[in-house]
Amino acid sequence: MVAIRVGLPVPLRRSFDYEHERPLAPGVRVRVPFGRRVLTGIVIEVPADPVADVALRPILEVIDAEPLLTGEQLQLLRFAADYYHHPLGEVLFAALPAGLKHGQGAAPPKAYRLTADGQAQPATRFARAKRQAALWQAIKAAGVMTEGELKARGPGLAPALRALQAQGLVEECEAGNEFVPAATAPAAVLRPDQRAACAAVAAAFGRYAAFLLFGVTGSGKTEVYLELLAEVLAAGGQALVLVPEIGLTPQLVARLSARLGPVVGMLHSGCAAGERARIWSAAAAGRMAVVVGTRSAVFTPMRHLALIIVDEEHDPSFKQQEGFRYHARDLAVWRAKHLGVPVVLGSATPSLESYRHARQGHYHLLALPNRGPQRTMPAVRLVDLGRESSRGGLSAPLIEALRTRLARGEQALLFLNRRGYAPVLLCPECRWHAPCDRCDARLTVHLGRQRLRCHHCGREQAVPAACPRCGHPKLLRVGEGTERIEEALRRVLPDARIARVDRDTTASRRAFEALLRKVHGHEVDVLIGTQMLAKGHDFPHVTLVGVIHADQGLHGSDFRADEQLFSQIVQVAGRAGRDEKPGLVLIQTHHPTHPLWAPLTRLDYQAFAEMALRDRRATLFPPYAHCALMRAEARAPNLATRFLETARQLAADPSDVTLGCVLPAVLARRAGYYRAQLLVTSQRRGALQAWLKVWLARIPEIPDAPRVRWSVDVDPYSLF
């Protein structure tokens, strides 16, 4: 019998040895006994040092004939587990799509082709069935299309597919083992700066190089991606494209498919489990040329991976905030370096870490400083709310600008990153405000549903008819959310076609896509939305952007607050004036002299970055220091604080590491748990990593550890 080391999806910082009649390859899934349960595990290795003098339990079943995780993937996942100090077993399973985590097989993707009768049909046969015509043409051009490739072309094709099958024109078949690029749309004519960026990256094919594609909003970064992807596919390679939001994925997939053909697949949490498993397996087998996905797609196995692209690389969505707290952008760079392939990080507002890497020469800076011909950056102006009157959160200059745009048949976008009607329900008599009974937070009024909701834990209750404390019959709704702005807008512009875009109105992907189609079809005059609208969308008829409560991020407690605010406003400002008509951005503020506004009104990212880097250097925050944040939470008051105080006392001599004080979290109680945190910093990454490894090994010795939920977040994105 041979000892086999297995990783299991349990929160224990160790692996487990079992025995089997023969060696098993790393990456194979197995079923093993674990206590009284049977778990699916992943073989890590045949250990040279198995557990001695212990009777090993047998492996019950070997699920895979071939490794599900490749050697390259296992190296990436081992690095991630070590760097982020997270249990390897949980990291291994975080890389698998849900359909493969519990031992299911990876079913080959369904595929379709034209029958001989289907090949012989003239295009005129489908003159009265547009969807059938589009589907017939797509399958004819591709030869064979998988189910995932068909879905990537947009919703609503299933009835057309069934109709073509019923007519005997389309049949199911086996998917091929390799993809066949089939471009369907001509390439755009690139500007000189775009061609130079493409040439620089193409020259690095076959070796590692990191590029920061720093392009203003609307400068054509996606066209650069398309050109590079076409070159990769022409050479028989595969590419991975990471995007921050699910909402951006279908749009990008549609655009890539139009240019590259039906060789593009989506991977994100909105996909069905079976579909994710099929796309994942197709990429591993080389049947899927381009995978577009959100952060977890960084772990996708790709046999011929030749290029990695991270779009909107600055976006906080690339940082996983719960459980295995990895940063997909940073793992993408590590993976590219390990494989020896180029990686492109694209943004109009790069993270300060990436910008500093470019300044130091670690990344190659590729600049796209302008929009296309006859397209200029929007003018940005401040509206001083101390001087201007306002109605329901809308200032007089903003209302006038809206009326002017609507009279010209143009569209406008109002940005407010706060959903609901009002953030506070207040009693004017006794000053009671509606609290969440599980969090140190106030409940937000959602007037349309007549509910109060906590945006931290999800707690809901009905809006009271009177003050619960003093019985006052008239409660005040204080502040503005997107729902209230919509109400105010309907009063001042009664004839305008208005659409609100937030998680309350577009909870499903289909609803969001349907609304976007209305915007592009000019069925909407004014969009009101949260950060869902702030990036990645191309609205050619939007010429006005209004930022309603710009001051929200000016005085944030997090060290990244100014960076996030600058990036968010620049991104949403970039939605204006993307066609030939000039754009205008109005920023409403109570603090017009704040130093952030000077570079922002010029849309001057580099001036902002130099200012922000000076502040970070003075305070020794990233990128001038490396951080780890230990968080703890417990049901009992003071238990999390006591646990962290004990952990701090256990710390070895921190000669190159600085330990902060144990502090309550910014939101000290959330979902019924009392929360505290301890920040650890060092100016040397290696010193921090070595110190964490020794320190974290001692944490289970703390008597309170079983009663506390604790975690360590390496390179935390925020200190909340």
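H314 lies in the loop between β13 (305–311) and α11 (328–339); helices (H or I, at least four residues) and strands (E, at least two) are DSSP runs, numbered from the N terminus. The model is predicted, so local features need pLDDT of at least 70 and side-chain atom pairs count only at pLDDT 80 or more, while totals for chains, interfaces and linings use all residues. Residues are numbered from 1 along each chain as its sequence is written, and side-chain values use heavy atoms, with hydrogens and water left out.

H314 counts as buried, at 7% relative accessibility; buried means under 20% relative accessible area, exposed over 50%, and partly exposed in between (1.4 Å probe, protein chains only). Beyond its neighbours within four places in sequence, H314 is in contact (heavy atoms within 4.5 Å) with residues including T349, P350, Q571 and Y717.

**Nonpolar cores**

A nonpolar core is a set of buried Ala, Val, Leu, Ile, Met, Phe, Trp, Tyr and Cys residues joined through side-chain atoms within 4.5 Å. The largest has 77 residues, of which L92, L242, F299, F643 and W695 touch the most other members. Helix α1 (residues 71–84) gives the most to this core, with 7 residues. Apart from it lies another core, of 41 residues, with L527, V572, W597 and A609 among them.

**Cysteines**

The count of disulfides (pairs of cysteine sulfur atoms within 2.5 Å) comes to 0. The sulfur of C470 is 3.6 Å from the closest cysteine sulfur, in C427, which is too far for a bond; C470 counts as partly exposed, at 37% relative accessibility. For C627, the closest cysteine sulfur is that of C661, at 15 Å, again too far for a bond. C627 counts as buried, at 3% relative accessibility.
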